[in-house]
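Please read it alongside the sequence and the structure shown below.

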Amino acid sequence: MTRLGGLVLLALGVTASAVVFESRPLGVVGVGLVVAVALAGAWSAGVRGPATVEFAAAPSPATEGDHVRLRAEGRRTSRVLVGSAFVHARLGRLGDVECRLRGHGRSAVGELHLGRLPRGRFEVSSPRLVLGDHLGLATVVTPLGDPGVAVVVHPRLVELDRLFSEVGRQGADGRRLLLRRPAGFDFHSVREYEQGESLRRVHWPTTARRGQLMVKELDDAPRDAVVVLLDCDPRGAVGAAPESSFDTAVRAAGSVLRVYSARGRRATLLATGAGATPHSVCSLGGDFRAALDALAAVEPDAPHGLARALASQETAAGRAGELVVVSATLDAASLEAVLASATRRLVSLVWIDAPSYAGRPTQALPGLLRLASSGVPVAVVRRGAGLAEALDASLYVPGVAARA
């Protein structure tokens, strides 16, 4: 029962009691309540009408640790004055929030202090405008359409001069890599020869088999492209945000991506999470901002393991000239997939020590030692250790797979 409905019943009860007991004081009270109910009903009818609320977050986008504010501005078509105005909405996983609006006439503004938020994308949904009269007798709730606004909090990245993978890099056979083809073409398929094409493109084995000229179809496969692969396996997500192992992995992936972007080198961010799409970055401009938006929204919800993403040659990871893997899981299948990738391209690994984020002692993983002995640079990030110290080349010791 609403507050106004209860007041109607009270007015009727007091008026009936005044008639039964022939009490003038009760009659005066009953009449006053009836008048109050009538006025509240008239106010409710007059205040109803179309309304809109616009939301804006500041700063936008925010970074982990920033004090975030959400501004709401409401507008009504009705000219009836209100005693109070509140906006209720749901803000992603932060839950329900309430913001009081202050103003005169048909517009009012309010600001909600959200505090220091963790990384994430918090959609504003199910907003509604709650208006109250001056006596607190009636309340009118106006549902609003979803504004399509989100509070975006980017991961806090670390500054890196050089990456750990740039010191003493070795090939898969243990020898130092001096030269790697920066660009070229990959064989894709064959097709019939067309008049005027160079005979250098003829694929002679297929030509001999079919008895007609067949030429090679080539795909442009630039070898200078870098793919930063973020493993979103939920098994590697330990601890609570913003100090979880997965949040650390996100910061590491973003920091590595920024190094390549600052150099103008073409890089692609690829996450294994559900619904994640590749984001190509060539500079620190708008494309890098889009990659940060993707990192803000990514969750540890990968439908499959790291090995599957590495095994597919159709993905950006499978075709990259250089691959940086950021992961907190390294099972047997993933280890073999990383080693197999290292035979075809430059590969490095940022391994997040997830057990340390649960307060458990760190155990030596033979897989990390095997990667290091195969020439794959490995940086280990543990809870309490600085991310920059783990990733920066000036502090990296080649051949050491784990360090605090």
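Two strands count as paired if DSSP finds at least two bridges between them. The model discussed here is predicted.

## Strand β4 and its partners

Strand β4 (residues 84–91) pairs with strand β7 (residues 120–132) in the antiparallel sense, over seven bridges. Within this pairing, A85 stands opposite L131 of β7.

β4 also pairs with strand β5 (residues 96–100), again in the antiparallel sense and over five bridges. Here R90 has D96 of β5 as its bridge partner. The two strands β4 and β5 form a hairpin, with four residues between them. In the turn, G92 has a positive phi of about 55 degrees.

## The six-stranded sheet

Six strands make up an open sheet with mixed pairing, in the order β14-β13-β12-β15-β16-β17. The edges are held by β14 (279–281) and β17 (378–381); each has a single partner strand, so one side of each is left without a neighbour in the sheet. On average, and with direction ignored, neighbouring strands of this sheet are turned by 15 degrees against each other.

Within the sheet, strand β12 (residues 226–230) and strand β15 (residues 322–327) pair in the parallel sense, over five bridges. In this pairing, L229 has V325 of β15 as its bridge partner.

## Helices on the sheet

Helix α4 (residues 245–262) lies across β12, β13 (267–271), β14, β15, β16 (346–352) and β17. The direction of α4 runs at about 170 degrees to β12.

Helix α9 (residues 366–373) packs on the sheet as well, touching β16 and β17. The direction of α9 makes about 150 degrees with that of β17.

## The contact between α8 and α9

Two packed helices are described by the angle between their axes and the distance between the axes. For helix α8 (residues 332–342) and α9, the axes come within 11 Å and cross at roughly 5 degrees. Angles under 35 degrees count as roughly parallel, and α8 is therefore roughly parallel to α9.

On the α8 side, the contact is made by L335, E336, V338 and L339. On the α9 side, G367, R370 and L371 take part. By class, the contact of α8 with α9 has four nonpolar, one polar and two charged residues.

How values were computed. Residues numbered from 1 in each chain as written. Predicted model: local features only at pLDDT ≥ 70, side-chain atom pairs only at ≥ 80, totals over all residues. Heavy atoms only, no water. Axes fitted to C-alpha atoms, helices over the stretch in contact; angles between N-to-C directions. Contact = heavy atoms within 4.5 Å. Parallel < 35°, antiparallel > 145°, perpendicular 65-115°, else oblique. Nonpolar A, V, L, I, M, F, W, Y, C, P; charged D, E, K, R; others polar.
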